[in-house]
Amino acid sequence: MEQLTIVGKPVTRVDAEEKVTGEAVYGYDLVLPDMLYGKALFSPKPHARIKRINTEEAKQYPGVVAVITGKDAPWTHGESIKDKPFLAQDKVRYIGEPVAAVAAMDEDTAQAAVRLIEVEYEDLPAYFSPEEACKPGAIPIHENFASYRKFDFIVPGSMPNVCEHFKLRTGDVEKGFREADLVLEERYYVPVIQHAAIEPHSSHAQVDPESGRVTIWVANDAPFRALHEISEALGLSQEKIRFINPLQGGGFGSKGGLKVETIAVALAYHTKGKPVRVKFNREETFISTLTRHEAVIHIKSGVKQDGTLAARQMTLYWGAGAYAEKSPTVCIRGSLPAPGPYRIPHVRVDGYAAYTNKPVAGSFRGYGIPQGAWACEQHMDEIAKKLRMDPVELRLKNIFVDGDLAYWGEQLHSVGLKETLIKATQAIEWGKPPGFPASQLGGEEARRLKPNIKIGKGFACISKPTRTPTTSKAGVLVNSKGEITVLAGTVEIGQGCSTILSQVAAEELKVPLDKVRMAPLDTDMIPFDASTTSSRSTYHMGNAVRRAAIDAREKLMEMARPMLEAKNEELACSNGKVYLKDQPQMALPIGDVVRRKLGNDGIVRGDASYTYEIGKDLDLETGHSDHASAFYMYATQAAEVAVDEETGRVRILRMSAAHDVGKAINPLNCAAQIEGGLAMGIGSALHEEMVIDSQGKVRNPSFLDYHLVTSLDLPEMIPIIVECPEPEGPYGAKGLGEPGLAPTPAAIGNAVADAIGVRICDLPLNPERVYWAIQQKRAKGSSRWLTEVA
Amino acid sequence: MKIPVTLKVNGETYDLVIAPYRTLLDVLREELQLTGSKKGCDVGDCGACTVLLDGKPVNACLVLAATVQDSDILTIEGLAQNGKLHPLQEAFIKEGAVQCGFCIPGILMSLKALLDENPSPTGEEVKAAMAGNLCRCTGYSKMFKAVESATSGLGR
Ligand code: FES
Ligand code: FES
């Protein structure tokens, strides 16, 4: 390969300066001329019929422009199942569901009018566990499920409230269990957590009364998908809808799909052309946007005495919440690799996404992988313990390597997993006695004085697929000053795509990075992109931008040929110039080429589209596909923890995270992504949980009660980049954003079990849970969520 | 009811007529269009709205604008001086401490207050100064490094 000049370098972010000066304008900051302010009324009931809504008083309130209910917005939407109304229709399905909305002169007025809306409800039985909701005889949360429009791949099956049943069938698990020397069965649970981006959710919308055109300003992570969904819901052609993306203050999956957007659009139909802004405050963001799927996971494995895995059966119940949103695909793509990155001859997986009367679960960084890993990787350590085997050795016996046929029928290549396992465990001195810096606990002396502190080590491995097949398109413009503008629909959600894509364009056009800018994201101007999700952007959009830049470069060279009087001579491009390969002094800056051919206002445009062509959907009966994912991301994280047996407090002493990224286009940004993922994973391991009570009410909808990690909570983090190149990826790159938090809780769980000798099967590992686990071990009792280590 | 209020922000004086219950954060963002101070919770939990009142960091969402008429208010928009970035800003860029950026204005203001008091803080002091500022993206560690680099002069 040619020498790379910008790709692979730890350049600083192109968007950092506007962010450190406060100039950056986010969705939550956006003010439109003449705009009105919207507020919603949310359901106080988890499941109830709406008997009556009285909006009269609210309508009379001075300053109110519109008061609407589901009757005024008779539309439903949903990504793969069209089950969700813009505003509740006839019934409500969770506490926090928008029921009515007001547009007014200012926010205080809108909120005051919302309080005047009266709703009468008739309670219905409600379900708060996915396992309960799909038991025979459960009453349906969606009575009309059968009549909803759905994607072809949706297989709900016959159980009540199940909106998707994913099946994987490989070999014969019963035979595998019979042939095994050890059979182990366990149950794990992962609670609801939230993305908790620091920017809350908001959306602005405007409907032009003459043309009927709908414009939506929102920091959505998939504007083209949102556009499609709105167009289907409203029955409007796509040309009549425009999404403009202001900057996003973090999303982690929560800012995909339609939530606050539908309220803004519904109101905008009643404001005579004035734009409406709907901003959720923090509490509203907690109860009425998206959450991460809770999961109940049953896992059973058969293993040979030497550690070879013979069979694995898993049943996963994914709590979808009240509406399907992305649950079907989370269920599919989370359940598929849940048995872990291992060679297993006999595998059976059943994943059920079940409606419950909880807030809607959606995509969340990791897309189902963290839940599966929490079960699988702790289960692996339990197996190792039973076999008296080193957990690393057990993994090495079974982990995916190049050329393996994965249990879903795909031959794997570019597998960097083993290297991540070795490097991550080495970084915490696996196999050696506690290697924490003595200062952390006050040295050996202090430890002897603190017999209640127990040290342990653990790790976890994952593989993660990406959404496949999908398409990214890009345009690259070159003007007569030699400046480059990249048109790409990838959303800058903080992950650094604007820097990565700028690097790619700069690399191919051989210009310095500061000559490249990203065009603002507006669906009227920017070519199609599937979504900024699934860690797909560096690979898919990276390929598209790279090809578009090459297209532009080739056009420039063709234009330069007569200018350089080159007939058959070979041309080349570097340092922002086109030149004759054999006579480098015969050179023209690319801007001059544009100007001489097209004038001062001329622009040369390169275009490209990238799709992973051989990507195939999974077979609905077996879950098999020989190209299920454009690429796979592999990672191992390892933790060393100190557990205080008197208080149950877990302190992480150090933590390594080794990620196979294929090729680090920007190593600085890769390290930043890994550290950020790790921090989020640590929060989800130790304290994050949306506490939803037996009535379906979120008890902790604030940052005071829902704990994010702070600057005081984090251990030494050791990010490790492994590069096992993906031939089809740009410069060999895969993806990275999502896996950062996927193995984290399981790695910590394994370290805690190593420290205290008890396996805790439920997250989070908060002091209370850990304390009682220790007490239970001492008393030799047992309870639902604890399995004593033999 | 509205009352006249005079605020001194980033060295400029603003005469306003506002409702007495309005917070400093809302007034900065909506009346003065200084949207660099962010609103992450509006109840004092996230620190995204941190500004300096006479050099002391406060959550602007917890302060009524009418009560701080005698103070010098510094917001993120006033951190760079005469077009030159503050060493903390430089260092945040250089060390890769910025991701989505939503927490960054608040964090920079907390750190500026720290460095003004204590130009060479220990790691623990830096962590403590930032403990009221939530960041969901970065895991903070590149921010710690950035402070180190700014205080050792490398960020300049
Ligand atoms: S907005 Fe003020 S502390 Fe969160
Ligand atoms: S950079 Fe996103 S919240 Fe800190």
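Colleague: Hi! What radius of gyration does chain B have, and what would a compact globule with 156 residues have?

Modeller: Hello! In this predicted model, chain B has a radius of gyration of 15 Å. A compact globule with 156 residues would be near 15 Å, so the value agrees.

Colleague: Nice. What box do the C-alpha atoms of chain B fill?

Modeller: Taken along the principal axes, that box is roughly 50 × 30 × 25 Å.

Colleague: And how much of chain B counts as buried?

Modeller: The buried share is 60% of the 156 residues of chain B. As for contacts in chain B with a separation of 6 or more, 53% of them come from residues 24 or more positions apart.

Colleague: How many helices and strands are in chain B?

Modeller: Chain B has 5 helices and 5 strands. Going along the sequence, their pattern is β-β-α-β-β-β-α-α-α-α.

Colleague: Let's switch to chain A. Why does the span of helix α19 agree with what it should be?

Modeller: Helix α19 of chain A runs over residues 744-756, which makes 13 residues. At 1.5 Å a residue they should span 18 Å, and the end C-alpha atoms are 18 Å apart, so the two agree.

Colleague: Is α19(A) mostly covered or mostly uncovered?

Modeller: Mostly covered, with 12 of its 13 residues buried. Among the buried ones are Thr744(A), Pro745(A), Asn750(A) and Ile756(A).

Colleague: What comes just after α19(A)?

Modeller: That is Gly757(A), which takes a positive phi of about 75 degrees.

Colleague: Now for empty space. How is it found?

Modeller: Rolling a probe the size of a water molecule over the atoms shows where empty space is left. In the whole structure, the search finds 10 cavities of 30 Å³ or more, and the largest cavity holds about 120 Å³.

Colleague: Which residues lie nearest the centre of the largest cavity?

Modeller: Those are Lys84(A), Tyr94(A), Pro98(A), Lys259(A) and Ser288(A), out of 20 lining residues. The lining divides into 13 nonpolar, 3 polar and 4 charged residues. Helix α7(A) gives the most to this lining, with 3 residues.

Colleague: What about the second largest pocket, what is its volume?

Modeller: Its volume is about 1,100 Å³. The lining of the second largest pocket has 42 residues, and Glu107(A), Asp108(A), Arg22(B), Asp26(B) and Glu30(B) lie nearest the centre.

Colleague: Which elements of chain B supply at least two residues of that lining?

Modeller: From chain B, β2 (12-18) and α1 (24-31) each do so, together with elements of chain A including α3 (107-114). By class, the lining of this pocket has 15 nonpolar, 8 polar and 19 charged residues.

Note on methods. Residues are numbered from 1 along each chain as its sequence is written. Chains are lettered from A and ligands numbered from 1 in the order in which they are written. This is a predicted model: local features need pLDDT of at least 70, side-chain atom pairs count only at pLDDT 80 or more; totals for chains, interfaces and linings use all residues. Side-chain values use heavy atoms; hydrogens and water are left out. Helices (H or I, at least four residues) and strands (E, at least two) are DSSP runs, numbered from the N terminus. The expected span of a helix is 1.5 Å times one less than its number of residues. Buried means under 20% relative accessible area, exposed over 50%, partly exposed in between (1.4 Å probe, protein chains only). On a 1 Å grid over the protein atoms alone, a cavity is a set of points where a 1.4 Å probe fits but cannot get out, and a pocket is an open set with protein on both sides within 12 Å along at least five of seven lines; lining residues have an atom within 4 Å of a point. Grid points are joined across faces, edges and corners, and a volume is the space filled by probe spheres set on the points. Ala, Val, Leu, Ile, Met, Phe, Trp, Tyr, Cys and Pro count as nonpolar, Asp, Glu, Lys and Arg as charged, and the others, Gly among them, as polar. The radius of gyration is taken over C-alpha atoms; the globule rule is 2.2 Å times the number of residues to the power 0.38. Contact means heavy atoms within 4.5 Å.
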